Amino acid sequence: VDAVAEVKQRISLTDFVSRTVKLQKSGRNYRGLCPFHTEKTPSFYVFEDTATWRCFGSCGEGGDIFSFLQKRENMDFREALEVLAREAGVQYSPRTPESLKEEDRLNACLSLAVDFYQENLQKSHGEIAQKYLLKDRGLSQETIDYFKIGWAPDEWRILRNRLKEKGFSDEEGLAVGVLAESDKGGLPYDRFRGRVIFPIHDNRGNLVGLGGRILGDGEPKYLNSPQT
Ligand SMILES: [Zn+2]
């Protein structure tokens, strides 16, 4: 959505954060007491150049203006976008699943899965995956964020439930390959469970599928969604 870039251009993250966090200049950046955990020494940074923030203290969270507002107000991305678009005076019409064409719907469905898994990587049950990425694979947090790497919890229908919540059908989840059909005739279930998730792009940069590497002993070690 272009509204995202527009919002970031029009609202300074530093100003936005300053409304609720007292910031002090620190080199080229700003720092203050982290609003997301209790601390006495500031370990929360706002980086002007990239319009991002990060806590180097115990919560270790970071992101952009959207994730800051989401976290502060416990909103989802759509809600944060609505609030910030309004404030920035950015024209933005929320696209509901019903209003999207079929192809757009499938893309939106796949993107939702990527966002969901990215979100889960930041949760406490995602720690095993974070450790794998940061320590074993030696990736930086920036790289992980850039490639939108995520974590699929070891559960049968957690993504399926999220897709339902957001108005996507099982057929759509199956079509983009994030759900799999049960051969015992039960409900479709999450294809990726207990796996680190790597979004797969075609050579034009379009998201076309997901790859998942298992952590632990399961088989196969690498699993890709069938690509269309
Ligand atoms: Zn913190």
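Trainee: Which residues have the most contacts inside the largest nonpolar core?

Mentor: In this predicted model, the largest nonpolar core has 27 residues. The elements giving two or more residues to this core are α1, α2 (13–18), β3 (44–47), β4 (52–55), α3 and α4. The residues with the most contacts inside the core are Val7 and Phe44.

Trainee: Which element gives the most to this core?

Mentor: Both α3 and α4 are among the elements that supply two or more residues. With five residues, the element that gives the most is α4.

Trainee: Which residues of helix α1 are buried, and why are they on the same side of α1?

Mentor: Helix α1 spans residues 2–10. An α-helix has 3.6 residues a turn, so residues three or four places apart point the same way.

Trainee: What covers the buried residues of α1, and which exposed residues does the face turned away from them carry?

Mentor: The cover over the buried residues includes α3 (65–73) and α4 (77–88). Leaving aside neighbours within four places in sequence, Val7 is in contact with Ile65, Phe66, Leu84, Ala85, Ala88 and Val90. The face of α1 turned away from the buried side carries the exposed residues Asp2 and Gln9.

Trainee: In what order do the four strands of the open sheet stand, and which are the edge strands?

Mentor: The pairing in this sheet is antiparallel, and the order is β6-β9-β10-β11. The twist averages 35° from one strand to the next. A strand at the edge pairs on one side only, which holds for β6 (150–152) and β11 (222–224).

Trainee: Which residue of β9 stands opposite Gly150?

Mentor: Strand β9 covers residues 195–201 and pairs with β6 in the antiparallel sense over three bridges. Opposite Gly150 stands Ile197.

Trainee: Which strands does helix α6 touch, and what angle does its direction make with that of β9?

Mentor: Helix α5 (residues 102–121) lies across β6, β9 and β10 (207–214), at about 35° to β10. Helix α6 (residues 127–136) also packs on the sheet, touching β6, β9 and β10. The direction of α6 makes an angle with that of β9 of about 60°.

Trainee: Is Asn107 buried, partly exposed or exposed?

Mentor: Asn107 has its place in helix α5. Its relative accessible area is 38%. Buried means under 20% and exposed over 50%, so a value in between is partly exposed. Asn107 is therefore partly exposed.

Terms used
Residues numbered from 1 in each chain as written. Predicted model: local features only at pLDDT ≥ 70, side-chain atom pairs only at ≥ 80, totals over all residues. Heavy atoms only, no water. Pairing = 2+ DSSP bridges. Axes fitted to C-alpha atoms, helices over the stretch in contact; angles between N-to-C directions. Contact = heavy atoms within 4.5 Å. Buried < 20%, exposed > 50% of the residue type's maximum accessible area, 1.4 Å probe, protein only. Core = buried A, V, L, I, M, F, W, Y, C linked by side-chain atoms within 4.5 Å.
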